[in-house]
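Please look over the model below with these notes beside it.

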Amino acid sequence: MQALPLRLHPGDDLRAAVVEAFLASGQEAGFVLQGIGSLSVAQLRYAGQPATAELRGDLEILTLAGSLSPDGAHLHMSVSDARGRVWGGHVGAGCIVRTTAELLLALLPGQRFTREHDLRTGYPELKIR
């Protein structure tokens, strides 16, 4: 396993930055082990819902984790607002960093992940090759 720490800056799109860093690594399998920081906008798709919900304001990233393949990222995140309310779900495009985001990616040399449509779930699911 190779560790790839990332620090994102104000205005960065969290999901796009993670995918870009992973693809630039040249690896074919990885995970986001953890992430903390803050967002001004979060795009989360809640369980069983077809579309993302947008949250705006001063948001703290409490957790961030997921799998990475050249076919895409499957990321989950929980965030809290200034009152301590917590939301979590699938990370969508458009999660905008407010002050910083500090992430740790684990790259898995010699492994290959793909995402393939699964007839049972209806979603592109992780395939370990």
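1. The largest pocket holds about 320 Å³ of space. A pocket here is an open set of points on a 1 Å grid over the protein atoms alone, where a 1.4 Å probe fits, with protein on both sides within 12 Å along at least five of seven lines; lining residues have an atom within 4 Å of a point. Points are joined across faces, edges and corners, and the volume is the space filled by probe spheres set on them.

2. The model is predicted: local features need pLDDT of at least 70 and side-chain atom pairs pLDDT 80 or more, while totals for chains, interfaces and linings use all residues. Residues are numbered from 1 along each chain as its sequence is written, and side-chain values use heavy atoms, without hydrogens and water.

3. The largest pocket is lined by 15 residues, and Arg-45, Ala-73, His-74, His-90 and Pro-124 are the closest to its centre. At least two lining residues come from each of β4 (72-80), β5 (86-91) and β8 (124-128); β4 gives the largest share, four residues. Strands are DSSP runs (E, at least two residues), numbered from the N terminus.

4. One aromatic pair is found in the whole structure.

5. Phe-113 is buried, at 5% relative accessibility (under 20%, 1.4 Å probe, protein chains only). Phe-31, at 33%, is partly exposed (between 20% and 50%).

Methods:
Phe/Tyr/Trp six-rings, centres within 6.5 Å; stacked < 30°, edge-to-face > 60°.
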